Amino acid sequence: MAGIVRHASEVYTLTLFKEFNKEFMKGISATSTLIGEHDTTTVYRVTSLMGDRSNEVIFDSSMMLITCDCLKFERFGMCCCHSLRILLINSVQRVPNAYIKNRWTKIAKSKVWDKFGKVSLAEKVGRNIPWRHEITRKFYNLVLRAEENEDAIKIIEESHKSDSLAIDALNSTKNVDVLTDASSSTKILDPTRSKTKGRGKRAKGHFETSKKKKVGTSNSIQSKEFGTKTPKQHLF
């Protein structure tokens with residue numbers, strides 16, 4: 001086992017190491033040609049075994065920096081077969097630190113589980129950290145298998161669109177149900193009546209006030225009957 005492969009097996013998770021090993025085997029079967037050199041920087045042309053594709057790789061041995069125009073590392077966070085080919089012919093025994101993404105290492109995985117074990121049960125259920133970690137690896141591996149096949153890439157993109165629409169519809173329905181349950185369980189109470197000064201007595205109704213007026217009128221009529229009042233002027 002090459003030194004760089006052994007080092008990859010020590011730092012990467014098992015799933016990522018399998019993908020790394022596949023890229024390394026592709027790099028072994030490829031051919032490389034030196035096309036330029038300046039100080040510690042060299043430029044190579046790497047051609048696949050079938051000869052149907054070639055890529056340009058730039059390697060700086062002093063800084064241990066390597067770039068490829070396929071941009072696999074920039075997109076997926078792992079060295080491509082072209083870069084591994086150049087590292088191999090330059091007798092590099094370890095994966096450069098700049099090209100080891102922490103999220104794909106065994107240390108990162110152990111840190112996630114340690115953190116998960118310290119939180120409460122409610123927080124574990126709410127965060128779903130292990131599930132997110134696992135599903136991320138699964139989809140990453142799926143993308144790696146599909147990246148060199150145009151039809152497979154279309155399948156993944158179409159699946160992503162349909163899944164996104166289905167999840168959005170599911171979430172919107174769930175939000176409506178939550179709002180409906182909340183509104184049905186809410187009781188609306190009458191507002192409290194404030195008692196102002198001078199409003200303690202009950203207001204009289206229409207019939208009570210009209211009855212009072214009638215009584216007053218009958219008394220005034222009775223006082224005006226004949227013989228109840230002595231006239232001032234004598235008639236005889």
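**Close-up views of a predicted model**

Buried residues (under 20% relative accessible area, with exposed meaning over 50% and partly exposed in between, for a 1.4 Å probe and protein chains only) make up 25% of the 236 residues in the chain. This is a predicted model, in which local features need pLDDT of at least 70 and side-chain atom pairs count only at pLDDT 80 or more, while totals for chains, interfaces and linings use all residues. Residues are numbered from 1 along each chain as its sequence is written, and side-chain values use heavy atoms, with hydrogens and water left out.

**View 1. The chain holds 9 helices and 4 strands.** Helices (H or I, at least four residues) and strands (E, at least two) are DSSP runs, numbered from the N terminus.

**View 2. Helix H2 has a buried side.** H2 has 16 residues and reaches 23 Å from its first C-alpha to its last, close to the 22 Å expected at 1.5 Å a residue; that expected span is 1.5 Å times one less than the number of residues. Look here for the buried residues Leu 16, Phe 17, Glu 19, Phe 20, Glu 23, Phe 24 and Gly 27. They lie on the same side of H2, because they cover an arc of only 160° around the axis, taken from the directions from the helix axis to the C-beta atoms. An α-helix has 3.6 residues a turn, so residues three or four places apart point the same way.

**View 3. Met 25, Ile 28, Leu 88 and Ile 89 form a nonpolar patch on the surface.** Together they have about 320 Å² of accessible area, from the Shrake-Rupley method with a 1.4 Å probe, where only the protein chains shown count as cover for residues. Patch residues have over 30% relative accessible area and no salt bridge, and nonpolar side chains (Val, Leu, Ile, Met, Phe, Trp, Tyr) are joined within 5 Å, like charges within 9 Å. A salt bridge is a side-chain nitrogen of Lys or Arg within 4 Å of a carboxyl oxygen of Asp or Glu. Helix H2 (14–29) and helix H4 (81–89) each give two or more residues to the patch. Ile 28, in helix H2, is partly exposed at 40% relative accessible area.

**View 4. Strands S1 (residues 31–38) and S2 (residues 41–47) pair in the antiparallel sense over 7 bridges.** Pairing requires at least two DSSP bridges between two strands. Glu 37 stands opposite Thr 42 in S2. The hairpin has 2 residues between S1 and S2, and Asp 39 in the turn has a positive phi of about 55°.
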